[in-house]
There are 4 protein chains.
Amino acid sequence: MFTKLSRAKVFRDPLYGYIQVNYKIISDLIDSREVQRLRRIRQLSGVSMVFQTAEHSRFTHSLGAYQMANLVIDNVEGMDKVSEYERVVFLIAALLHDIGHGPYSHAFEHVLECSHEDMTVKLILSKETEVNKILSIQDGLAEDVASVIRHDNKHPLIESLVSSQLDVDRMDYLSRDAYMTGATYGHIDYFRILRSMKIIDGTVCVRASGVHSIEAYLMSRYHMYFQVYYHPVARAYETILEGIYERIKDLSMEGVRIDASIVSFLNVLKNNDDIESYIDLDDTNVNGFIKQLTWCSDPVLNKLANAFEKRHLYNFVELVNEPDEKFLDDLKKKYSNMEYGKYFYKNVKVSGVAYMHSPKSDINAIRVLLPDGSLKILDQYSPIIKGLKSSSYKEIERIFYFED
Amino acid sequence: MFTKLSRAKVFRDPLYGYIQVNYKIISDLIDSREVQRLRRIRQLSGVSMVFQTAEHSRFTHSLGAYQMANLVIDNVEGMDKVSEYERVVFLIAALLHDIGHGPYSHAFEHVLECSHEDMTVKLILSKETEVNKILSIQDGLAEDVASVIRHDNKHPLIESLVSSQLDVDRMDYLSRDAYMTGATYGHIDYFRILRSMKIIDGTVCVRASGVHSIEAYLMSRYHMYFQVYYHPVARAYETILEGIYERIKDLSMEGVRIDASIVSFLNVLKNNDDIESYIDLDDTNVNGFIKQLTWCSDPVLNKLANAFEKRHLYNFVELVNEPDEKFLDDLKKKYSNMEYGKYFYKNVKVSGVAYMHSPKSDINAIRVLLPDGSLKILDQYSPIIKGLKSSSYKEIERIFYFED
Amino acid sequence: MFTKLSRAKVFRDPLYGYIQVNYKIISDLIDSREVQRLRRIRQLSGVSMVFQTAEHSRFTHSLGAYQMANLVIDNVEGMDKVSEYERVVFLIAALLHDIGHGPYSHAFEHVLECSHEDMTVKLILSKETEVNKILSIQDGLAEDVASVIRHDNKHPLIESLVSSQLDVDRMDYLSRDAYMTGATYGHIDYFRILRSMKIIDGTVCVRASGVHSIEAYLMSRYHMYFQVYYHPVARAYETILEGIYERIKDLSMEGVRIDASIVSFLNVLKNNDDIESYIDLDDTNVNGFIKQLTWCSDPVLNKLANAFEKRHLYNFVELVNEPDEKFLDDLKKKYSNMEYGKYFYKNVKVSGVAYMHSPKSDINAIRVLLPDGSLKILDQYSPIIKGLKSSSYKEIERIFYFED
Amino acid sequence: MFTKLSRAKVFRDPLYGYIQVNYKIISDLIDSREVQRLRRIRQLSGVSMVFQTAEHSRFTHSLGAYQMANLVIDNVEGMDKVSEYERVVFLIAALLHDIGHGPYSHAFEHVLECSHEDMTVKLILSKETEVNKILSIQDGLAEDVASVIRHDNKHPLIESLVSSQLDVDRMDYLSRDAYMTGATYGHIDYFRILRSMKIIDGTVCVRASGVHSIEAYLMSRYHMYFQVYYHPVARAYETILEGIYERIKDLSMEGVRIDASIVSFLNVLKNNDDIESYIDLDDTNVNGFIKQLTWCSDPVLNKLANAFEKRHLYNFVELVNEPDEKFLDDLKKKYSNMEYGKYFYKNVKVSGVAYMHSPKSDINAIRVLLPDGSLKILDQYSPIIKGLKSSSYKEIERIFYFED
């Protein structure tokens, strides 16, 4: 159904040794403008300000998620019963799941009021993209891939393998980000995990004998979140960027001309269906116009752009235990009275648990397959996970503020 | 005070790169008969029946624990205030802490009714050992090292570094056993842990910023216990051995002569102060006489020795959830009525938690140093550990029984 | 002499675990504009087109070379006799040795006709740089660091440790590039190498017992060069860039205005003493203006910029064995007759040997210290290296040409 | 043709993650007495006296060679054209290739005057072995496996994959011994090597594009030989053993009774077709009777056994450069005049080259597949290998002598 390459293409990868491409359509998609663009968007945005070696792009992760999908197909019991068509949809969805990300994505989503998943779907379905053209060789294919990203329950197994508590996205990025930062606690035993997984009645479950590898994986995830992804210095850096994005948006709505090459950015702000401009945007433009904005006449942009360039970061206080209320009140007052104060004072919350599934239903829960063939929800099976679930919730509220 | 070698001796080690020896006394102790004997006793007894690559000896671990002590001295804040004398006591205690182990130690301790720690103390203090002779160059040294092993609160800091919830013994063996078995969940970030530790008022604590590395370490330990150390097949193998030891003991008390080279073993059974015989015993003798016992006329020894050699292991049932009471009752009856049944039916419990300190006091608790300088007990600081402590208790009761 | 930080700063690094900074001046230099700029210049330019994970910056390598200098100080016998002043000069030179690199440095040097080493010296000595200001706290320090980079024999030991056949630069980049690409043959046993090195009469030599680790290192280097650094696809990519740089230079000399943000680039082309513009230049500008040039009216820039963006690479033939002379002649004719042909046809040679020292003298040779205390030139001691030296010379000549 | 297991058996292995067994016959062979016996014979004999962590058994290597055969089948182009029967012969031969080894094999072969390959063939074909019984399920199978070990050109492809310059035996043991000793220069990129290999007309060749991985592999091998396998201290240890074996042989031929449990050893000395006794022999017996011999009345055995136990090793001189002829002559004279001197003075030569194929023919040569489809002998293609071949020959002659 899908043409195979006469000789497999391989990409060297430090995590998997080699990433192998057998289908022509995968090779074409990798070469497409939208996937290549991910070479110019960093996977971890501001994190490299703290972990300086974490400079890898979303491109390497996208190839990695694709390879993890290959490993799922080769190692998870029951995948051989999935049709070739669905398997290729899986591989494609794994490869394309992040193409909707913008530069410094978190801040970008915030000002754009549009999630990167929605943008991924748009790019897959838009007639303007190379990705869409490649997918059009087969009727309904683009729509099927998009439906997996949208999670609309048309291909529930593939959807859960692409995005759930235990998916190819997370398994690649935890391993990769650990490798790139040198954070040893992030290493997961993905091969053991894959061999523990089994497809039963079209859903993924985990054999009881492999639960310990899932416990270790959930702990790794928890640690990576709080030690790496939510690191306050990385967040301070992204907070500056959010201010810059916000200010550009506000000025553009007032009709003020900004002296920097931000046409694409403005186009997207006005209309996030402007696919051409969206694709044009990446870390290169944004880093480029921020450099130009260091000479900008607008006092807010000038100050923030200089802060970004010179790593003059926000200060922050973490609201843990008994915060100093007096200090916080004064701070709040100071910035609410200050001209442009809203760009220089931000309240940011991050939270996470080691493991969670929807409290309302068990739909996202990891299911454990007992030796007698019955299934049990993970946190009812593993006392460790039960403990984690009830006790590991951690919310960090931080006030970032800018001092001259 | 202690003579240094003119040029450091180095031992290549896959975990640390190199293990370095600077003091002459350490070099002499490594060359002593009691430490060299550990080359002939496997670190993990029957575990290599399941994880076939786990064939390493207690000697490599003893060098490793010594090296970890070196790393503690070089990396833990506050160790520079400890006197050279106490630091050398620490290095020596780390090197010698396991010399009291016998062959297949767990089964051995059981039949001998004497812990390996007690034997270590005996060997250090006995005038018959080379170790004791070497330690005698300095008055009181042997006694000081013994007191660290005995945990009698004379050198409380050194005692806790040698044996506690977070010590050089555990840090080496978790890393080493993970390396040797290939169990990825066992890797611990020991360098990060060491840099988090700080000596305050003569006790070890852990900086709040490093608590995540302790959480990960405790999880690793938990997984290594239940996935590796308590593996039922390894335990079944050791259970055979326990039967052999027991039977030899019973026969010798009845005065029956056993046709195998077990003089040293019998000597030790009669009198565990027979140091010469104790040192003579190692895996080589025990494996040797078990081979001879496969021709033994005693039906029990004959059967068990053949089972050991041919890996004809015990069956087992794990008493989890709702065990089949009828089956268990029948089993019990069958073996209690059987001649020699007690050698072929064993009830074994293992239990563990991810983290525990004495419920009565906080003496063994890991202490967390908060940014404001105050100290908190780990499980009151870390919700993860609190959850682990309350939920991770796991007891496995297994019935091992022998079928022809 | 040099102020120490009250608590050491650490940078997590996947190669060394941690990179430690104890001196305030090192910390200040890391924070300087010129060193931070290296975050925006990739270590391996076009290599990530082939090895997609090789996206690391010169910043991570510069920190790594600094850390390797620390390891040299701690592990090489005889370094304790080097004065603290010279040791700090060593650390600084290791940290700053690459600050003179421009974006896509190879192509850049070519068009600029100025080596990156010369630019490094300029930046260190220029009153305009932050680096120079920081070094000025101590009379003569900037000059001493520059002299090490210039290799003018004022601090011969430090010079050879910073740049020679066996230096901190190479030891870090071979390890790092191997780690980042996943090329296993690049791993070198740097710890073993360091422990083999010894300072005798102010020059570095290698103990005979460690020669095998040097042999392995030289082989690694050879393989990394031909498998990674000289990879034809990476070179094809850089050849496009060279064409772009060349064309901009030619146009600017004819006075033609180019419609892209290339002020800094033009300034540097005119005058490479324009430090301010030089520092402004990094991958961000260059990638930025290449994106703009895809709309450029000049046919050469338009074509090359589009080729760069869309990875429409040059074709190439390698002139090995018996090349097809007819084909090559026709090719040459075709491009010499073509308008702008010189931008689309390039003859590129790369060559290397596994080991070489100056044929005229033994100044750069690695010296082996024999057990009897005498010294021998490496290739007279090791038959392997002798063989490599005489046989490993490899020159690759390639014709790159552009086809529509 | 060969029954498959209903669910694959897996063995955890630190090198490959998992070793997978799909055929019932492989599983049965692993459980056989002759393969299990390899758990009790160390892979590297005396090497663990120098590299103390190299304590692994021939069993782990045999499983590893089997797994490498699996990897060859899955990754080498052209293996899909080999029949299932031949592939299983390959897997079996890889698993069994070392079963003929005795305890401390090198010394053992010397005194027995029978190579371990010959013994492997005997054990495979003897009606007394479990291995033979298992192979008998299929007519001619035992003979086919034996013919592969014998290299008698019946299955030339399989023979070369099991034993040649580039085979599953070497690829596993280089990797494994490097992992176990911590010798970083031993790591080989076996996955890259496998992907470079191709079966053409029933013989293995290596694609030109992968030659660098072969170059690196040959260098690794060279270094492992001279740094690890031929280490003088390991050799000194084995030299003692050779003396013990020799003396036992001499005494037994004189009819002298030896007071130690050496029945099996004597049986084998008399008749190496005594399979039952041969299988009974392993490190356990030998270590056991050496311990007993420390009390032996024969002065030679007494001295050597005590030396073995107490690591009182032979002295040695290496005959390199200009040896001290006077000293050597005196030494020789002293021992030739001494009673029993021949047991205490040994001249041992080891030699090796980085790469060699038979000088008379190119039969064993590694063949390189050029892009144009032609084949070339490796050392005519790679200047590095040509250099190695001509220059890397290294012979070490050492005199070991015993001093009280």
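This is a predicted model: local features need pLDDT of at least 70, side-chain atom pairs count only at pLDDT 80 or more; totals for chains, interfaces and linings use all residues.
In chain A, strand β3 (residues 197-200) and strand β4 (residues 203-207) run antiparallel and are joined by 4 bridges. Two of the pairings can be followed residue by residue. A:M197 has A:V206 of β4(A) as its bridge partner, and A:I199 stands opposite A:V204 in β4(A). Between the strands of the hairpin there are 2 residues, and A:D201 takes a positive phi near 50 degrees.

In chain A, 4 strands form an open sheet, in which the order is β3-β4-β7-β8 and the pairing is mixed. The edges of this sheet are β3 and β8 (375-377) of chain A, each of which pairs on one side only. From one strand to the next, the twist averages 45 degrees.

Another part of chain A carries an annotation. According to UniProt, in an unreviewed entry, residues 54-183 of chain A hold the feature "domain: HD/PDEase". Over residues 54-183, chain A is 66% helix and 0% strand.

A:R311 is not a glycine, yet it has a positive phi of about 50 degrees. Its place is the loop between α17 (299-309) and β5 (315-318) of chain A. Is A:R311 buried, exposed or partly exposed? Because 15 other C-beta atoms lie within 10 Å, A:R311 is partly exposed. In chain B, the residue B:E113, which is likewise not a glycine, has a positive phi of about 55 degrees. B:E113 lies in the loop between α5 (105-112) and α6 (116-125) of chain B. B:E113 has 7 C-beta neighbours inside 10 Å and therefore counts as exposed.

Why is helix α8 (residues 141-150) of chain D described as largely enclosed by the rest of the structure? Of its 10 residues, 8 are buried, and the description follows from this count. The buried residues of α8(D) are D:L141, D:A142, D:D144, D:V145, D:A146, D:S147, D:V148 and D:I149. Among the elements that cover these residues are α4 (84-96), α6 (116-125), α7 (130-135) and α9 (156-162) of chain D. After α8(D) comes D:H151, whose phi is positive, near 60 degrees.

Chain D also touches chain B. How many residues does each chain bring to this contact? Chain B gives 25 residues and chain D gives 25 residues. On the side of chain B that touches chain D, at least two residues come from each of β1 (4-13), α3 (58-75), α10 (168-181) and α16 (283-293) of chain B. The largest share of that side, 4 residues, is supplied by α16(B).

Note on methods. Residues are numbered from 1 along each chain as its sequence is written. Chains are lettered from A and ligands numbered from 1 in the order in which they are written. Two residues are in contact if their C-beta atoms, placed from the backbone, lie within 7 Å. UniProt positions are given in the numbering used here, feature names are shortened, and annotations may be inferred rather than shown by experiment. A residue is buried if 20 or more other C-beta atoms lie within 10 Å of its own, exposed if 12 or fewer, and partly exposed in between; C-beta atoms are placed from the backbone. Two strands pair if DSSP finds at least two bridges between them. Axes are lines fitted to C-alpha atoms, for helices over the stretch in contact, and angles run from 0 to 180 degrees between N-to-C directions.
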